[in-house]
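Have the structure open as you read.

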Amino acid sequence: MEKTATMNIRVDPTVKQQAEAVLKQLGIPMATAVDIFLRQITMTGGLPFSVSLPKAPPELDADHMTPEQLRQKLQAGYEEAVKGNVQDAAAAFAAFREAHP
């Protein structure tokens, strides 16, 4: 089938670079990956994967804490920071993602 339609889309440059790196390892051009994605949408009648918000563990979910519980958590975090028990954000998020897939 001849490809005759052109798409112009705006994406986050970092996300594009990361995706291109993965696709390069797979030997798949970006245009082919987009074509595969669009075909999967057509075949499945929707997105070909689940879309949902990540669930925070109950002990970290501020939406389900009382104001007092939240205050206690914030106070404990502040005290740890004052003591110097800190790590950079990238390491903290990486550890969180590993512990809560």
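In which helix do Lys 83 and Glu 80 lie, and how many residues apart are they? This is a predicted model, and in it both residues belong to helix H3 (residues 67-83), where they sit three residues apart, about one turn of the helix. Their side chains meet in a salt bridge, with 3.8 Å from N to O. Lys 83 is exposed, at a relative accessible area of 60%, whereas Glu 80 is partly exposed, at 33%.

A search of the whole structure turns up four salt bridges. The table includes three of them.

| Salt bridge | N to O distance |
|---|---|
| Lys 16 and Glu 20 | 2.7 Å |
| Arg 39 and Asp 35 | 2.7 Å |
| Lys 83 and Glu 80 | 3.8 Å |

Let's take the other two pairs in turn. Lys 16 and Glu 20 are about one helical turn apart because they are four residues apart in helix H1 (residues 13-26). Lys 16 is partly exposed, with 39% relative accessible area, and Glu 20 is partly exposed too, with 32%.

In helix H2, Arg 39 and Asp 35 are four residues apart, so about one helical turn separates them. Arg 39 has 43% relative accessibility and counts as partly exposed; Asp 35, at 24%, also counts as partly exposed.

Helix H2 (residues 30-44) also holds Phe 37, which is partly exposed at 33% relative accessibility.

Note on methods: Residues numbered from 1 in each chain as written. Predicted model: local features only at pLDDT ≥ 70, side-chain atom pairs only at ≥ 80, totals over all residues. Heavy atoms only, no water. Helix = DSSP H or I, 4+ residues; strand = E, 2+ residues; numbered from the N terminus. Buried < 20%, exposed > 50% of the residue type's maximum accessible area, 1.4 Å probe, protein only.
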